[in-house]
Amino acid sequence: MRKDLAGKISDSELEVMKLLWHAEASLSITEIRENLQQTKGWEPATIKTLVSRLVSKGAVRQEKQNVYYYSPLVSEEEYASWATGDLITRLYNGSARDLVAALVHSEGLTREDIEELRGMFRMEED
């Protein structure tokens, strides 16, 4: 994933991306608009602007059939990986360990979460 692209996806645009990532097929602007009007209460012009921005940024593909259909060019996993790395860099000076320590000390993790993480770390060692 292009790092310049990831940093330019706004929170509102990310909501459009989430919709496209979880769709089973490309979506028309009507389908995107209906979903986001219902879930976010956004105006049609706002939604059209967000989709257009994502197309111009290269995050979303626009394909003309009878109408335009949209699909993501960036996977959710690629974006999540970039966003996690960016968070660690910006807030924890590149230290993933400091991120985990902050989660543990902030009481953001339950005992079950901690045990699951321990299991994940053990699997990485094998």
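At what angle do the axes of helix 3 and helix 4 cross, and within what distance do they come? In this predicted model, the axes of helix 3 (residues 29-40) and helix 4 (residues 44-57) cross at roughly 125° and come within 10 Å. Because angles from 65 to 115 degrees count as roughly perpendicular and those over 145 as roughly antiparallel, helix 3 is classed as oblique to helix 4. The crossing of helix 3 past helix 4 is right-handed.

On the side of helix 3, the residues that meet helix 4 are Ile 29, Ile 32, Arg 33, Leu 36 and Gln 37, and their counterparts in helix 4 are Pro 44, Ile 47, Lys 48 and Val 51. Divided by class, this contact of helix 3 with helix 4 comprises six nonpolar residues, one polar residue and two charged residues. In general, residues three or four places apart in an α-helix point the same way, because there are 3.6 residues a turn.

Helix 5 (residues 76-92) comprises 17 residues and spans 23 Å from its first C-alpha to its last, which is close to the 24 Å expected at 1.5 Å a residue. Just after helix 5, Asn 93 adopts a positive phi of about 50°.

Aromatic pairs number two in the model. In the pair formed by Trp 21 and Tyr 79, the ring centres lie 6.0 Å apart and the ring planes stand at 40°, so the pair is tilted. This pair links distant parts of the chain, with Trp 21 located in helix 2 (residues 11-22) and Tyr 79 in helix 5, at a separation of 58 residues.

Note on methods. Residues are numbered from 1 along each chain as its sequence is written. This is a predicted model: local features need pLDDT of at least 70, side-chain atom pairs count only at pLDDT 80 or more; totals for chains, interfaces and linings use all residues. Side-chain values use heavy atoms; hydrogens and water are left out. Helices (H or I, at least four residues) and strands (E, at least two) are DSSP runs, numbered from the N terminus. The expected span of a helix is 1.5 Å times one less than its number of residues. Axes are lines fitted to C-alpha atoms, for helices over the stretch in contact, and angles run from 0 to 180 degrees between N-to-C directions. Angles under 35 degrees count as roughly parallel, over 145 as roughly antiparallel, 65 to 115 as roughly perpendicular and the rest as oblique. A crossing is left-handed if the near helix is turned anticlockwise from the far one by less than a right angle, and right-handed if clockwise. Contact means heavy atoms within 4.5 Å. Ala, Val, Leu, Ile, Met, Phe, Trp, Tyr, Cys and Pro count as nonpolar, Asp, Glu, Lys and Arg as charged, and the others, Gly among them, as polar. Rings of Phe, Tyr and Trp (its six-membered ring) pair if their centres lie within 6.5 Å; planes under 30 degrees apart count as stacked, over 60 as edge-to-face and the rest as tilted.
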